[in-house]
Amino acid sequence: MSCKRILLFVVLVFCALSLSAQKKQKRITVDTVHVKGRTFLVVGDTTIFVAKDTVIYLPDSLATKIRKDREAQTSQFYLKIKEKLSKRRVTRELYELLFKDPPKPKATISTNQRATNDYNKYAGRIIDQIFIKKLEPLGTSISDTSKHSDKWLLKSVNNTHIKTRSRVIRNNMFFESGDELDPNLIYSSERILRSLSFIKDARIYVIPKPGTFQVDVLVVTRDVWSISGGFGYDDFDDFEVEITDRNFLGLGQELKNEFPYSAETSPEIGYIGTYTINNIKSTFINSELTFARSEPFERQGVRFYKDFITPTIKFAGGVEIAQEKRQQAKVYPDSTYLFNTRYNFQDFWLGRSYLISQDYSGYTNFQVAGRYERRRFLDRPMVSSDTNQLYFETNLKLVSIGLSKRRFERSSLIAGYGRTEDIPIGYLAEITGGRENNEFFDRTYIGTTISYGNYLGKLGYLRPTLRIGGFIEKRNVQQGVVNPELSYFSYLYRFRRTSFRQFFTFGYVKGINRYTDEFIDINNRNGIRGLRDTFLRGTKKITFRSETVAFTPLYFIGFRLAVFAFLDFAIVNSEQSKLLENPVYQGYGLGFRFRNENLAFNTLQIRLGYYPHAPADFNNYQTDFDGQRSLNIPDFRVEEPRVISFQ
């Protein structure tokens, strides 16, 4: 082969490698780097001065480091001297004689490298490329994706984690390449991604392309380590083990397995499994398959459902078909009566949402929904028109109409321990009506729910809610309920490195002509936390729960410590029919919560409580160690029509 042919061959190979590199470059992932103002960003051999706080996106193959602007610090020093000496003529002339103004930095960051989450300024532009940056659960940062931990333990845990697949993230977004950029859809996509149980946090950035009407979109998500477990213990003869994967194989699907053990049942070890598929084929339809074989509980069921998770969704609905067996108990002061029930259950509902208006204050929607629920028993106790009414075979048909307005504000340190939380602002007014047909009589249902929530400046967040409902049969109210409630959390106060919030909830529940076997109680989450007594029950109650939480800066292998103090009061008409003639039960105490937002485990809680007027068989001092699930603030949206619960 001649030298010319060899040279031509080398050139062709070089060109092919260059083209291949360019193709790979199109698929390159990017990092977001949070850069503080008046610092230098070093990219390879280039140094860029950054004047203001910003987020920059760069290919993750470039080594970056940030160093403080020593010259800027010096400039600030002399500018402060000038500001003080310029107040008087003599000192101002002295400054001009002795000092010279520091030069301004010459280099500034170019706008084509700046990413932003101010979506409104790019409304209507065409989305070109969508980059997805997926972060490991441990040792990473959502605001600075170039950060990675070199610690062996964190890297080892990350290596056991399967990252969420890109198509799962894309399926939960309301935009794609080629769409016009709609700021509201970007905001909604970011919020929906954050709401997924396997995602700790999410950020979406818009990156303008110089000289075009196009933008790129960078989606940054941070996974949680999705495998978690739990352990419930009464004694060596009665306990339960739970193992859950909230992101099975990175598919965004949840596999939950529970293994209850009881020495008094046959078989001794049971199984309760639930498999949930999130957002099937980007339709936002979820499915849930349940199988349980455990004494005294069995269930086989399947459910498909879609909610009005954003104001732009027009249709929602659900289908559930199940068979369930449960052991029921009627507890009396001197005896307990146990019996089994088995029933088939079908539930169907469909809703339509109409967008009325949208502006800076949120979306306003009118929504209508209908529901049909059918229950047939295969095993139950004897029933009559006035006995065991809870086990009637029923057909329930409901229709609801509602008006809602909602938007969301970002916050943190409310239900979570540092992750971004989306707090609903707005209102909901809903009316539900329908008809129940059972074995002995037909009756009409009517109920209403009114709820409002908003920030009152630095006073905090206030949310009043009123629920009223009941069945009407021959002009008499049956199974009625009146339930006003007020919840509040304060502004986040800071003292040095510790943050404080105050929470309280006030509630009143009154039952009207409830069935003889229906009660409400004030135990634990229903009233006084840590209190447990079977006969603290009735048909009316008042509860007040207060909690002060200190989010400390203390971390231990990713777990954040929060210290809390609680004060609970409750009254229930367990002794006297008139509510206020009954004793006021109280609970005081403090505790510690440990939470790692990178893991799917529940918050670990240690609580010490004192109960001065506890029932006779209950110890005045209690110590509890348990897991606490994160409770999100409910959205202002119409869901399936339902009977207002009595609890």
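Start with helix α6, residues 183-195. It has 13 residues, and at 1.5 Å a residue it should span 18 Å. The expected span is 1.5 Å times one less than the number of residues. The end C-alpha atoms are 19 Å apart, which agrees. Helices here are DSSP runs of H or I, at least four residues; strands are E, at least two; both are numbered from the N terminus.

A word on the source. This is a predicted model, where local features need pLDDT of at least 70, side-chain atom pairs count only at pLDDT 80 or more, and totals for chains, interfaces and linings use all residues. Residues are numbered from 1 along each chain as its sequence is written, and side-chain values use heavy atoms, leaving out hydrogens and water.

Which residues of α6 are buried? Among them are P183, I186, L193 and R194. Buried means under 20% relative accessible area, exposed over 50%, partly exposed in between, with a 1.4 Å probe and protein chains only. The cover includes α5, β8, β9, β19 and β20.

Now β19 itself. S404 is found in that strand. Is S404 buried or exposed? Buried, with a relative accessible area of 0%. S404 touches residues including Y363, Y427 and F636; contact means heavy atoms within 4.5 Å. L428 is 24 residues away from S404 in sequence, yet their C-alpha atoms are 4.4 Å apart.

Last, the whole chain. It holds six helices and 32 strands. Of its 647 residues, 43% are buried.

Note on methods
Lists of a residue's contacts leave out its neighbours within four places in sequence.
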